[in-house]
Amino acid sequence: MSTTPDIAGHYTSGDLLARLEARLRADGIDPARPTFEALAPYDHFHGRGIEATEELVKGLEVSPTDHLLDVGSGIGGPARYFATRFDCRVSGIDLTAEFCEVARHLTARLGLSDHISFEQGDALAMPFNDAAFDGAYTMNVSMNIADKRAFFREISRVLKPGAWFRLSEIAQGPGGAPDYPTPWAQTAASSFLATPAETYANLEASGFTIESHRETTDAALAYAARSRAVVDAGGQPPHRAVMLVHGALAEAAMANTGRALKERRTVPIELVCRKTSR
Ligand SMILES: C[S@@+](CC[C@H](N)C(=O)[O-])C[C@H]1O[C@@H](n2cnc3c(N)ncnc32)[C@H](O)[C@@H]1O
C-alpha cells in the first residue's frame with residue numbers, strides 16, 4: 001500500500017462541475033453564462049475568498065504584456081481575477097486534474113481562454129522554462145507540500161530575476177496542531193504546516209527576498225463573524241468554495257478551521273517577496 005498522501009484524491013469528487021452548476025442554478029444564475037461576480041463565492045478556494053485575492057494584488061503593478069504564474073491554481077478564481085484586472089496572461093498549474101478541467105471550462109465561459117491556461121502538474125516539477133514568468137503567486141497551497149524549499153526553489157527557477165512572488169498561506173501557529181479534517185487535508189498525513197518563521201527562512205534559502213509579511217488572523221476572524229451574521233439573518237455565506245468542493249466533509253472542515261484560527265493553532269499569513277537578481 002502506498003504511504004504517499006493522495007493530495008489530488010482529497011480534492012477530487014468526479015462531479016464538481018455538475019454540483020457547481022446546480023448551485024449556480026439555485027442562486028438564479030444560468031450556468032452557461034455565469035458572471036465573474038456570480039462565480040466569486042465559489043472559485044476563490046482559500047480563506048476569505050475573493051477578499052484575500054483582492055488584498056494579494058494591493059500595490060502590485062502588472063502590465064498587459066506580463067505573463068504570470070498561479071501555483072496551485074484550483075478552479076481558477078484567482079487566475080481569472082488577475083487576468084481580468086490587469087489584462088495580462090496567466091498560466092495556472094495544479095495537481096488535481098478535475099480542478100484543471102473545471103478551471104478551463106469556467107474560463108471559457110467567461111471568454112478568458114485567450115488569456116489563461118491551466119496545466120495539470122506538480123508544483124515541484126513544473127513544465128515551464130527557466131525565467132519564463134514576470135510574477136507568480138500562490139494561495140493556500142504550501143500546506144499540502146512537505147518539501148517547502150523544493151517548492152520555493154522551483155518557483156524561483158521559472159521566475160525572471162527580480163520578479164515578484166506573493167503568497168497567502170496558512171502557517172502553523174503556537175497553539176498546537178489543528179484538528180482534521182481541514183479544507184486542505186483529511187488527516188494530518190497530508191498536511192505540512194510550517195511556522196511563519198520557518199516560512200520566511202525557507203523563502204530566503206530558496207532565492208527570495210521578503211519585502212513584507214503580515215499575519216491576517218484578525219481579518220480572518222472578522223470575516224468569519226461577518227459571514228455568521230449573514231447566515232444568521234437567513235442569507236448565504238459569502239464564501240462557499242469549501243462547501244462546493246468538499247460536500248459532506250465541509251461542515252467539520254470549516255468548524256476545525258474556525259477553532260484552529262481562534263486557538264492560534266493556525267495563522268494565516270501574507271507575504272510579498274522578490275526573486276533575488278540571480
Ligand atoms: C486550498 S486549494 C487552493 C486553490 C487556489 N489556489 C485558490 O486559492 O483558489 C489548494 C490547491 O493546491 C493544489 N496542490 C496541492 N499540492 C500541489 C502540488 N504539489 N502541485 C500543484 N498543486 C498542488 C491542490 O490541488 C488544490 O487545488
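1. How many of the ten residues of helix α5 (residues 77-86) are buried? Seven of them are, so α5 is largely enclosed by the rest of the structure. The buried residues of α5 are Gly77, Pro78, Ala79, Arg80, Tyr81, Phe82 and Ala83. Here a residue is buried if 20 or more other C-beta atoms lie within 10 Å of its own, exposed if 12 or fewer, and partly exposed in between, with C-beta atoms placed from the backbone.

2. The model is predicted: local features need pLDDT of at least 70, side-chain atom pairs count only at pLDDT 80 or more, and totals for chains, interfaces and linings use all residues. Residues are numbered from 1 along each chain as its sequence is written.

3. The protein has eleven helices and seven strands; these are DSSP runs numbered from the N terminus, helices being H or I of at least four residues and strands E of at least two. With 278 residues, a compact globule would have a radius of gyration near 19 Å, and the 18 Å of the protein agrees with this. That radius is taken over C-alpha atoms, and the globule rule is 2.2 Å times the number of residues to the power 0.38. Along its principal axes the C-alpha trace spans about 55 × 45 × 45 Å, and 42% of the 278 residues count as buried.

4. Helix α3 (residues 36-43) packs with α5 at an angle of about 145°, their axes being 9 Å apart. Phe36, Leu39, Ala40 and Asp43 of α3 and Gly77, Arg80 and Thr84 of α5 make the contact, where two residues are in contact if their C-beta atoms, placed from the backbone, lie within 7 Å. Axes are lines fitted to C-alpha atoms, for helices over the stretch in contact, and angles run from 0 to 180 degrees between N-to-C directions.

5. Helices α9 (residues 217-232) and α11 (residues 250-262) have axes that come within 10 Å and cross at roughly 135°. That makes α9 oblique to α11; angles under 35 degrees count as roughly parallel, over 145 as roughly antiparallel, 65 to 115 as roughly perpendicular and the rest as oblique. Thr217, Ala220, Leu221 and Ala224 of α9 meet Gly258, Leu261 and Lys262 of α11 in this contact.

6. In helix α7 (residues 148-158), the buried residues are Phe151, Phe152, Ile155, Ser156 and Val158. They pack against β1 (67-71), β4 (133-139), β5 (159-172), α8 (196-204), β6 (208-215) and β7 (266-275). Valine 158 counts as buried because it has 21 C-beta neighbours inside 10 Å. Leaving aside neighbours within four places in sequence, valine 158 is in contact with Leu69, Met126, Phe128, Asp130, Ala132 and Phe133. Its C-alpha atom is separated by 9.5 Å from that of proline 127, 31 residues apart along the chain.

7. Most residues other than glycine have a negative phi, and most peptide bonds are trans. Aspartate 87, in the loop between α5 and β2 (89-94), has a positive phi near 60° and counts as partly exposed, with 13 C-beta neighbours inside 10 Å. Alanine 131, in the loop between β3 (116-120) and β4, has a positive phi of about 50°; alanine 131 is partly exposed, with 14 other C-beta atoms within 10 Å. The peptide bond from tyrosine 180 to proline 181 is cis, with omega near 10°, and proline 181 lies in the loop between β5 and α8.
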